[in-house]
Amino acid sequence: MSLSAAIAPLIEKMNRRDVITPLEREALTRLLGPARAVPAGRSLIEPGDRPHFSTFLVSGFCARFSLTPSGGRQLTEINVAGDFVDLHSLLMRQMDHGVLALSDCVIAPAAHDDLRRLTEEHPHLARLLWLETVVDGAIHRQWLVTMGQQDAASRLAHLLCELYVRLEAARRVSDFKFALPMTQVDLGDVLGLTQVHVNRVLMELRRQGLVEWKGGQVTINDWTALAQLGQFDPGYLRLQGDPV
């Protein structure tokens, strides 16, 4: 895969927010190192790591996770194509969480030295990358709200709406269909539910005719009703054109 093809999901997303010049596009393309494949189930980053590069997700699904002292796991965000899974490591240095490949993934590194140089030479791109980390924080806050204030069906509906909109911004989906190779255990770790409860919620969404979920493929049959059930407002994803 060429570097221009690898960085395309990020550029598509940035173009939803602001205008990317040809010079900036070229600078982003030069930022990435060689891409490599990572199999599902492999950890990209472990808690406590001190990476010297940030990892860009070219394709697939990853999840940030935290571990409890008793060995429990909580998934705190899902990353999709076009995301830096740890852009904040440029400043955070030591990771307080890990990143797990939920599916087979293709990733590419962006060396921290190159990221620093990019932000110094291209201040507009620096602001757009800063916005990426701001949106990360907004996603975390929204997940906290859904966990604390919404029931199980609403939480799942919100998650499906969010993932579809994020994938659509990167031009990786259309027609309300997308691949979501997550197990019910993974969904439980995102939604704070048991596997049995996740299964019941999926059955309820199917019964209402809102979604179909077969073989890791999700089809949203009624976007308006699903978004209403999930109380989903995409404003926090900051995908509207508003120059920075």
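**Exercise 1.** In which sense do strand S1 and strand S7 pair, and over how many bridges?

*Solution.* This is a predicted model, in which local features need pLDDT of at least 70 and side-chain atom pairs count only at pLDDT 80 or more, while totals for chains, interfaces and linings use all residues. Residues are numbered from 1 along each chain as its sequence is written, and side-chain values use heavy atoms, with hydrogens and water left out. Strands are DSSP runs (E, at least two residues), numbered from the N terminus, as are helices (H or I, at least four), and two strands pair if DSSP finds at least two bridges between them. S1 (residues 36–38) and S7 (residues 105–111) pair in the antiparallel sense over three bridges, with Val106 in S7 as the bridge partner of Ala37.

**Exercise 2.** Find how many bridges join strand S3 to S7.

*Solution.* S3 (residues 53–59) runs antiparallel to S7, and six bridges join them; Ser54, for instance, has Ala110 in S7 as its bridge partner.

**Exercise 3.** Describe how H4 and H5 are placed relative to each other.

*Solution.* Begin with the axes, which are lines fitted to C-alpha atoms over the stretch in contact (heavy atoms within 4.5 Å), with angles from 0 to 180 degrees between N-to-C directions. The axes of H4 and H5 come within 5 Å and cross at roughly 120°. Angles under 35 degrees count as roughly parallel, over 145 as roughly antiparallel, 65 to 115 as roughly perpendicular and the rest as oblique, and H4 and H5 are therefore oblique to each other. Among the residues that meet are Leu115 and Leu118 in H4 and Ala126 and Leu129 in H5.
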